[in-house]
Amino acid sequence: QGAMRVLAGPGTGKTTTLVAAMAARLTGPDALAADQVLGLTFGRRAAIDWRDQVSAAVGGGIVPLVSTFHSFCYSLVRQFQSDEAYISATRLLSGPEQQVRSRQLFADAIADQRLDWPEELMPAIGTRGLAEEIRAVMARTRSHIMDPEDLTALGRNTGRATWSSIGVFMNEYLDVLDSEGVLDYPELIHRAVLLSHRPDVQDYLHKTFKAI
């Protein structure tokens, strides 16, 4: 009943617990409909395995709704974005595309002297390692529901000049992606979270899903 958190190591039965929990809500006298129970997981393969195991556990005939976090967030953003935005479908960047795009844009910003970057880190410009570090900082910023300006201010207040520079770059990076009609994974999650605070979206989620 209610919310439950299960903490366990690999191979100790977390998936079995999830399958049993979902199957219990889809059977019995108080059974919920398959589209009222939502399962969220990280990978497509895990989603397929989970769905198949639940179907088998309830004796077949029921296909539960199991999705990756990114797929669910993408459908939510597409469903509730403005009519103007819907005219041109928002495209989700793949992981390799994100890496190439951010690395290229960052190198361009440095070359055009739009960013104040420490001299000792200049040799790292254009490397895959630095691009991954910058992406990680931007992703962590969004995971804390922070804007680029918040990261810039945090860097200034803590003496982390690189954070401030990445905050300035993040603003430019998001503007470019917006103009191209694309989203990366952290921004997709961030926009879905912001949407979930809207009363109409909350009403939709509460009425649609009885168990997550």
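**Close-up views of the chain**

Ile145 is partly exposed, with a relative accessible area of 43%. All views below are taken from a predicted model.

**View 1. Ile145 in the loop between α6 and α7.** Ile145 is located in the loop that runs between α6 and α7 (148–158). Its phi is near 55 degrees, which is positive although Ile145 is a residue other than glycine. As a general rule, most residues other than glycine have a negative phi.

**View 2. Gln113 in the loop between α5 and α6.** Gln113 belongs to the loop between α5 (95–111) and α6 (128–143). Just after α5, Gln113 takes a positive phi of about 60 degrees, and Gln113 is not a glycine. With a relative accessible area of 72%, Gln113 is exposed. The value is over 50%, and therefore Gln113 counts as exposed rather than partly exposed.

**View 3. Overall arrangement of the chain.** Ten helices and four strands make up the secondary structure listed for the chain. Their order along the sequence is α-β-α-β-α-α-β-α-α-α-α-β-α-α. The C-alpha trace spans about 65 × 45 × 30 Å along its principal axes. The chain has 212 residues, of which 33% count as buried. When contacts between residues at least 6 apart in sequence are considered, 67% of them join residues at least 24 apart.

**View 4. Helix α5 and its buried residues.** α5 has 17 residues. From its first C-alpha to its last, α5 reaches 24 Å, close to the 24 Å expected at 1.5 Å a residue. Gln98, Gln99, Arg101, Ser102, Leu105, Phe106, Ala109 and Ile110 are the buried residues of α5. These buried residues pack against three helices, namely α6, α8 (161–180) and α9 (185–195).

**View 5. Packing of α5 on α6.** The axes of α5 and α6 are 9 Å apart, and the two helices pack at an angle of about 100 degrees. That makes α5 roughly perpendicular to α6, because angles of 65 to 115 degrees count as roughly perpendicular. On the α5 side the contact is formed by Gly95, Gln98, Gln99, Ser102, Arg103 and Phe106. These residues meet Arg128, Leu130, Ala131, Glu132, Ile134 and Arg135 in α6. By class, the residues of the contact of α5 with α6 divide into four nonpolar, four polar and four charged. Of the α5 residues in this contact, Gln98, Gln99, Ser102 and Phe106 are also among the buried residues of α5.

**View 6. Packing of α6 on α8.** α6 and α8 pack at an angle of about 80 degrees, and their axes lie 11 Å apart. That makes α6 roughly perpendicular to α8. In α6, the residues in contact are Ile134, Val137, Met138, Thr141 and Arg142. Their partners in α8 are Ile166, Phe169, Met170, Tyr173 and Leu174. The contact of α6 with α8 has eight nonpolar, one polar and one charged residues. Ile134 takes part here and also in the contact of α5 with α6.

**View 7. The largest nonpolar core.** The largest nonpolar core has 19 residues, and Phe106, Ile134, Met138, Phe169 and Tyr173 touch the most other members. At least two residues of this core are supplied by each of α5, α6 and α8. The largest share, seven residues, comes from α8. Ile134 touches Phe106, Ile166 and Phe169, when residues up to four places away in sequence are not counted. Another core, of 13 residues, lies apart from it; Cys73, Leu76, Val77 and Ala192 are among its members. In soluble globular proteins, nonpolar side chains tend to be buried together.

**View 8. Ser67 in strand β2.** Ser67 is part of strand β2 (residues 65–68). With a relative accessible area of 12%, Ser67 is buried, because a value under 20% counts as buried. Neighbours within four places in sequence aside, Ser67 is in contact with Gly39, Leu40, Thr41, Ala47 and Phe72.

View 9. The loop between α2 (44–57) and β2 contains Gly60. Gly60 is partly exposed, with a relative accessible area of 37%. Gly60 and Thr17 are 43 residues apart along the chain, and 19 Å separates their C-alpha atoms.

How values were computed: Residues are numbered from 1 along each chain as its sequence is written. This is a predicted model: local features need pLDDT of at least 70, side-chain atom pairs count only at pLDDT 80 or more; totals for chains, interfaces and linings use all residues. Side-chain values use heavy atoms; hydrogens and water are left out. Buried means under 20% relative accessible area, exposed over 50%, partly exposed in between (1.4 Å probe, protein chains only). The expected span of a helix is 1.5 Å times one less than its number of residues. Contact means heavy atoms within 4.5 Å. A nonpolar core is a set of buried Ala, Val, Leu, Ile, Met, Phe, Trp, Tyr and Cys residues joined through side-chain atoms within 4.5 Å. Axes are lines fitted to C-alpha atoms, for helices over the stretch in contact, and angles run from 0 to 180 degrees between N-to-C directions. Angles under 35 degrees count as roughly parallel, over 145 as roughly antiparallel, 65 to 115 as roughly perpendicular and the rest as oblique. Ala, Val, Leu, Ile, Met, Phe, Trp, Tyr, Cys and Pro count as nonpolar, Asp, Glu, Lys and Arg as charged, and the others, Gly among them, as polar.
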